[in-house]
Amino acid sequence: MMWWDKKMQERLKCEGVQIEMYKRYVDDINIVIKTKKEADESTTIERIKEVGNGIHGSIQLEADYPSKYEDNKVPILDLKVWVNEENNVVPESYMKPVSSKSVINSRSAMPLKDRRTVITQEILRIVLRCSPLLPWETTKAHVEDYMLRLQFSGYDEKFRIGVLDSAAKAYKRIRMKVARGERPLYRRKKWKQEERAKDKRRKKENFG
């Protein structure tokens, strides 16, 4: 696929397509391109699809783009993504309509401490999936939806308040580290890659 990606980018450049971002995740390609305001989105994307389909007969693409959706946002895994008026790529937390509304049940055999950690991290993940460029009310709505899912799964108010408070404190610590320049808000794969790999190995060696 690295060969295919290289060919794809070469052919798009030959077509005059200005690539702002090109990222792969398993069998998905996420592309941001720069176009003229009068350009028709569907026509442009279909042409990109044709270019990709012409590289190798065994690889044929399906196209997805903002205008296919009522809210003009493209679902990508657990995100919805779009480009705002300032040309910023904006992510927002997303859950497929067919996804289960329940979380780890309160009657699960998993120890409470472990459940608390998992649920706290899930709340934090939801907040981090929402761009700081979004109104806080938007992020808040996603968190409130998760709180309802916790209630549906049998967790009482005291537990829900506790995990929400823990997630809020964790997010605050992250933002403080970002402000001090100790880490980016969204870590790239290569950010302190060697140090993180060593830390991961050390934790495995010290486990138990």
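User: In what sense do strand 4 and strand 5 pair, and over how many bridges?
Analyst: Please keep in mind that this is a predicted model. Strand 4 (residues 79-83) and strand 5 pair in the antiparallel sense, over five bridges.

User: Which residue of strand 5 is the bridge partner of lysine 80?
Analyst: That is glutamate 92. Another bridge joins valine 83 to valine 89 of strand 5.

User: What lies between the two strands of that hairpin?
Analyst: Five residues lie between strand 4 and strand 5, and in this hairpin asparagine 87 takes a positive phi near 65 degrees.

User: What is the strand order of the sheet?
Analyst: The order is 3-4-5, in an open sheet of three strands with antiparallel pairing. The twist averages 35 degrees from one strand to the next.

User: Which strands stand at the edges?
Analyst: Strand 3 (74-76) and strand 5 do. Each has a single partner strand, so one side of each is left without a neighbour in the sheet.

User: Is strand 5 largely enclosed or left open by the rest of the structure?
Analyst: Strand 5 (residues 89-93) is largely enclosed, because four of its five residues are buried.

User: Let me change topic to the helices. At what angle do helix 4 and helix 5 pack?
Analyst: Helix 4 (residues 136-152) and helix 5 (residues 157-179) pack at about 145 degrees, and their axes are 10 Å apart. The crossing of helix 4 with helix 5 is right-handed.

User: Which residues make that contact?
Analyst: Helix 4 contributes Val143, Met147, Leu150 and Gln151, while helix 5 contributes Arg160, Val163 and Leu164. By type, the residues of this contact divide into five nonpolar, one polar and one charged.

User: Which residues have the most contacts inside the largest nonpolar core?
Analyst: They are Ile119, Ile123, Tyr146 and Leu150, in a core of 19 residues. Helix 3 (112-129), helix 4 and helix 5 are the elements that give two or more residues to this core. As a general point, nonpolar side chains in soluble globular proteins tend to be buried together.

User: What is tyrosine 146 in contact with, leaving aside its neighbours within four places in sequence?
Analyst: Tyrosine 146 is in contact with Val103, Ile119, Glu122, Ile123 and Ile126.

User: Is valine 26 buried or exposed?
Analyst: Valine 26 is exposed, with a relative accessible area of 61%.

User: And what about asparagine 72, where is its place?
Analyst: Asparagine 72 is in the loop between helix 2 (41-53) and strand 3. Its phi is positive, about 60 degrees, although it is not a glycine. Asparagine 72 is partly exposed, with a relative accessible area of 41%.

User: Finally, how many helices and strands does the protein chain have?
Analyst: The secondary structure comes to six helices and five strands, and along the sequence the pattern reads α-β-β-α-β-β-β-α-α-α-α. Of the 208 residues in the protein chain, 26% are buried. The C-alpha trace spans about 60 × 45 × 40 Å along its principal axes.

How values were computed:
Residues numbered from 1 in each chain as written. Predicted model: local features only at pLDDT ≥ 70, side-chain atom pairs only at ≥ 80, totals over all residues. Heavy atoms only, no water. Axes fitted to C-alpha atoms, helices over the stretch in contact; angles between N-to-C directions. Left-handed = near helix turned anticlockwise from the far one by under 90°. Contact = heavy atoms within 4.5 Å. Nonpolar A, V, L, I, M, F, W, Y, C, P; charged D, E, K, R; others polar. Core = buried A, V, L, I, M, F, W, Y, C linked by side-chain atoms within 4.5 Å. Buried < 20%, exposed > 50% of the residue type's maximum accessible area, 1.4 Å probe, protein only. Pairing = 2+ DSSP bridges.
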